[in-house]
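Here's a quick walk through how the pieces of this protein pack together. Have the model open and follow along.

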Amino acid sequence: MSATPPLTFLYAPADRPDRVEKALASEADVVLVDLEDAVAPAHKEIARANVVRLLGELPAQRRVQVRLNHPSTLWHAADVAALAGLPVAIGARMPKVESGEEVLALAAALPGRELHPLIESALGVERALEIATASPQVASIGLGEADLRSDLGVDDEAGLTWARSRLVVAARAARLVPPAMSAYTHVRDLDGLAASCRAGRALGFRGRTAIHPAQLATIRAAFLPSAEEVARAGEVIARVADATAAGVGAIALADGTFLDVAMVERARTVLALAERS
């Protein structure tokens, strides 16, 4: 896995090579080339051919994942074969995963390649830890919230709170990077996107997928630390350094808050993220 977890992920439908090329040239940390939901059945073959043509040679720094069709579909085997012929640095994004067995099957078909399971059903949520720990090739897990809303029968974000927290806990327990949030579908509502990102960040998410380049800046801003957070993190690290040099065991901030290991690790994460702004 990359030492710098990404914050922005941009979907591009594989049957639209112009959009894939624009996404590859965008400021998104990761480009998600979609063979699944965004591609009509009649376009699956040409979409797959576009993936092979466009992703055969990529700059080393350009991070890309390909979202495959589910194993239950007619297109899955050909998708896997096409991805197997591409550079191993290109990750496989797995839709509608409900078991560790699905992960193991794809890991065997695509050895050495990072896998990114998407959990989109109640059963998948219940098995989140099993999925996250099924293979060393699992690099992240995420929610597919459109399908999950339908499965759960919920209409708003409040109904997803438990599932979102469950995913964050499973990722942490599996020692994976914090999950990225699912796409916000109201493309023109950037205020709503920002508010939703803040809520997700409070639950432990880091970053978010986008379906339009116009969403990237809002997502990045929401998940980067504020100036106040950076200042506090710097104070934590400075206090630890001073206390270590002086041989002091108990360490407190200027406001009287005592520090522990978790707070120090959090401060380091904040400063690492701040370097990306």
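## Where two helices meet

In H1, the residues Pro17, Val20, Glu21 and Leu24 come up against Asn50, Arg53, Leu54 and Leu55 of H2. Sort the residues of that H1 and H2 contact and you get 5 nonpolar, 1 polar and 2 charged. Keep in mind that this is a predicted model.

As for the geometry, helix H1 (residues 17-24) and helix H2 (residues 44-55) have axes that come within 11 Å and cross at roughly 35 degrees. The crossing of H1 past H2 is right-handed.

## The sheet

Next up is an open sheet of 7 strands, paired in parallel and ordered S6-S5-S4-S3-S2-S1-S7. Strand S6 (142-143) and strand S7 (208-210) sit at the edges, each pairing on one side only.

Over at S6, strand S5 (residues 115-119) runs parallel to it, joined by 2 bridges. Here Ile119 stands opposite Leu143 in S6. H1 turns up again too: it packs on the sheet, touching strand S1 (8-13), strand S2 (30-34) and strand S3 (63-67). The direction of H1 makes about 165 degrees with that of S1.

## The nonpolar cores

Which residues touch the most other members of the largest nonpolar core? Out of its 61 residues, they are Val33, Leu55 and Val66. Helix H8 (residues 161-173) is the top contributor to this core, giving 5 residues.

Set aside neighbours within four places in sequence, and Val66 is in contact with Val33, Leu35, Val51, Leu55, Leu83, Ile90, Gly91, Ala92 and Arg93. There's also a second, separate core of 6 residues, including Phe9, Val30, Leu32 and Leu118.

Conventions:
Residues are numbered from 1 along each chain as its sequence is written. This is a predicted model: local features need pLDDT of at least 70, side-chain atom pairs count only at pLDDT 80 or more; totals for chains, interfaces and linings use all residues. Side-chain values use heavy atoms; hydrogens and water are left out. A nonpolar core is a set of buried Ala, Val, Leu, Ile, Met, Phe, Trp, Tyr and Cys residues joined through side-chain atoms within 4.5 Å. Buried means under 20% relative accessible area, exposed over 50%, partly exposed in between (1.4 Å probe, protein chains only). Helices (H or I, at least four residues) and strands (E, at least two) are DSSP runs, numbered from the N terminus. Contact means heavy atoms within 4.5 Å. Axes are lines fitted to C-alpha atoms, for helices over the stretch in contact, and angles run from 0 to 180 degrees between N-to-C directions. A crossing is left-handed if the near helix is turned anticlockwise from the far one by less than a right angle, and right-handed if clockwise. Ala, Val, Leu, Ile, Met, Phe, Trp, Tyr, Cys and Pro count as nonpolar, Asp, Glu, Lys and Arg as charged, and the others, Gly among them, as polar. Two strands pair if DSSP finds at least two bridges between them.
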